[in-house]
Amino acid sequence: MVNLPNGIGVSGLEVYPWAASDGCHGGSPHLHTACTEAYVVVGGRGELHTLTPAGPGTTPLLPGTVVWFTPGTVHRAVNLGDLRVVVIMENSGLPEAGDAVLTFPPEILADPAAYAEAASVGPDPATSPAAERRARDRRDLAVRGYLAIRRDLAAGDPTSLWSLYRAAVSLTATRTAAWHRILDAGPAASLREVRRRLRSLADGSGAHLAEANVRVRTVPEPDQRPFGMCGRLSPYRTT
């Protein structure tokens, strides 16, 4: 699979309309441990709810809004009506390789096997009711942990957020060797290619210009969209 420029991942996202225990409709709160993520809102309306050491935050999401958030930002996409975004993800491949950590309750985060089971939507195809049930259960469990952290932060106590950070590090530390290989094949390779082009310009040859080409990506059919953490995903793929 050929990465987009600089190893960027791009997906369409239709945010879940499912109501959670607090009355908000949307996806599973989670954080990324190594990647910055961006939302480009293309339709509907909603909110991005976030938790950082500075406290809880809310960002309105309307068509034309672009918002991005760095590693450690707990984020939750809330759907106020047909919310659709284009997700731009740094370091394409790392989120799929376990960079994201869901805000499950502490007892789940402390047990890698229990975490893996709770985070999985199972082997069922995206069209199956079983996959949707597991995606809903995963979302509800993450919301439960998220609401506890949010209550603590709103009261001025960051202890539970720091506990989440420690659990996230514990869950992902052993994966970093594989992540380096992903980076070498993606963003680092893209940077090496740009430097090669600059050398070509500097020596006056411009040889790389003769390598001009066009590449196209498409999205899956609607009934093949996987259940992502925040909604149904349409990841772009090479054709």
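**Figure 1. Thr50 and the residues that it touches.** Setting aside residues up to four places away in sequence, Thr50 touches Gly55, Pro56, Gly57, Thr73, Val74 and His75; a contact here means heavy atoms within 4.5 Å. You will find Thr50 in strand S3, which covers residues 37–52. Strands (E, at least two residues) and helices (H or I, at least four) are DSSP runs, numbered from the N terminus. Is Thr50 buried or exposed? Thr50 counts as buried because its relative accessibility is 12%, and buried means under 20% relative accessible area, exposed over 50%, and partly exposed in between (1.4 Å probe, protein chains only). Before moving on, please note that this is a predicted model, in which local features need pLDDT of at least 70 and side-chain atom pairs count only at pLDDT 80 or more, while totals for chains, interfaces and linings use all residues. Residues are numbered from 1 along each chain as its sequence is written, and side-chain values use heavy atoms, with hydrogens and water left out.

Figure 2. Helix H4 runs over residues 129–154, 26 residues in total. From its first C-alpha to its last, H4 reaches 37 Å, close to the 38 Å expected at 1.5 Å a residue; the expected span is 1.5 Å times one less than the number of residues. Among the buried residues of H4 are Ala131, Arg138, Arg139, Tyr146 and Leu153. Gly145 also belongs to H4 and is buried, with a relative accessible area of 7%. Which residues does Gly145 contact, leaving aside its neighbours within four places in sequence? They are Thr103, Phe104 and Pro105. Leu102 is 43 residues from Gly145 in sequence, and their C-alpha atoms are 8.8 Å apart in space. After H4 comes Gly156, with a positive phi near 85 degrees.

Figure 3. Asn6 has a phi near 65 degrees and sits in the segment before S1. With a relative accessible area of 47%, Asn6 is partly exposed. Asp82 is not a glycine either, and its phi is positive at about 55 degrees. Look for Asp82 in strand S6, residues 74–89.

**Figure 4. The largest pocket.** Rolling a probe the size of a water molecule over the atoms shows where empty space is left. The largest pocket holds about 1,000 Å³ of space. Of the 42 residues that line the largest pocket, Pro95, Glu96, Gly228, Met229 and Leu233 are the closest to its centre. On a 1 Å grid over the protein atoms alone, a pocket is an open set of points where a 1.4 Å probe fits, with protein on both sides within 12 Å along at least five of seven lines, and lining residues have an atom within 4 Å of a point. Strand S1 (residues 9–15) gives the most to the lining, with four residues. By class, the lining has 24 nonpolar, 12 polar and six charged residues.

**Figure 5. Stepping back to the protein chain.** The protein chain has seven helices and 10 strands. Its C-alpha atoms fill a box of roughly 60 × 35 × 35 Å along the principal axes. Buried residues make up 41% of the 239 residues.

Note on methods:
Grid points are joined across faces, edges and corners, and a volume is the space filled by probe spheres set on the points. Ala, Val, Leu, Ile, Met, Phe, Trp, Tyr, Cys and Pro count as nonpolar, Asp, Glu, Lys and Arg as charged, and the others, Gly among them, as polar.
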